[in-house]
Amino acid sequence: MQEYWEIYMKSLEGKPASVQFNAGISMEMEELQYTHPIVAFVKAKLKEPNEHGLLSENEEPEILFMEDKLEAAMIKFRIGKYVGRVISDGHVTFLYYVQFTYNWPDFIAFALNEHTSYEVTNGHQDDREWNYYKKLLYPTAKEWQLIQNHKVCDNLKAQGDSLHLARAIEHKLFFQDESQKAALVAALEAKGFKIKDEIENEEGIKGLDFYRLDKPFYHDIDAITLSLIDIAQTHGALYDGWETSVVKS
């Protein structure tokens, strides 16, 4: 199984949630749906959540220790795979997909024997379609874009960029329906974007390279790219990300 973890923020029932999930396991999902058809969870009430109901810095070491102990127990009892964690509304929920549950009580007793001060619930149910992974943990197209945005922003900051200075930011999109190309170009130009080139990817799908002067700060670039995803989808295209140069103040 590939271990490739991502973390991002989303809203769950109107409240902020921090979601960490194993993206790599999606490569094996079709096979695992047959071998690990049961979703299981361990949910602990946080002792001192921050004002947003998320994990506080003081409590983080203990929750990470609990996470490690649970994962070690999952390996010891050989019953399943750890796929993700959700922190929201003053609780942390660890999610697993398991092959069987006859030794689930033994797993819980072993994993949580050092965490008796926490209020913990646990359970499991059939989920052969892996809906909890697909619909709760796995990001939507927009959530994926936010993940990528913040990686690029972090990389720019690491190179000394302030992120607050406007510069040309280039974007790409590819057509699903070229018949709407003219309308798409008009929609982009109405938002102040300038078309740089017509492009083509390795599969021969055509698209556009376009740019505008903007700040690549986290919140700014998030708003820009989410808007571009909507514009692209409305006109039969898929947004494909952005890039820019480092600008130091």
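Buried here means under 20% relative accessible area, exposed over 50%, and partly exposed in between, with a 1.4 Å probe and protein chains only. This is a predicted model, where local features need pLDDT of at least 70 and side-chain atom pairs count only at pLDDT 80 or more, while totals for chains, interfaces and linings use all residues. Residues are numbered from 1 along each chain as its sequence is written, and side-chain values use heavy atoms, with hydrogens and water left out.

First, the chain as a whole. Of its 249 residues, 44% are buried. The chain has seven helices and ten strands; these are DSSP runs numbered from the N terminus, helices being H or I of at least four residues and strands E of at least two.

Now the rings. There are 17 aromatic pairs in the structure. Rings of Phe, Tyr and Trp (its six-membered ring) pair if their centres lie within 6.5 Å; planes under 30 degrees apart are stacked, over 60 edge-to-face, and the rest tilted. Are they buried or exposed? Trp104 is buried, at 3% relative accessible area, and Phe107 is buried too, at 0%.

Elsewhere, one aromatic cluster is formed by Tyr8, Phe21, Tyr97, Trp130, Tyr133, Tyr138 and Trp144.

Last, Phe110. Lys69 lies over its face, 5.2 Å from the ring centre, and the charged end of Lys76 sits over the ring of Phe110, also 5.2 Å from its centre. The criterion is NZ of Lys or CZ of Arg within 6 Å of the ring centre and within 35 degrees of the ring normal.
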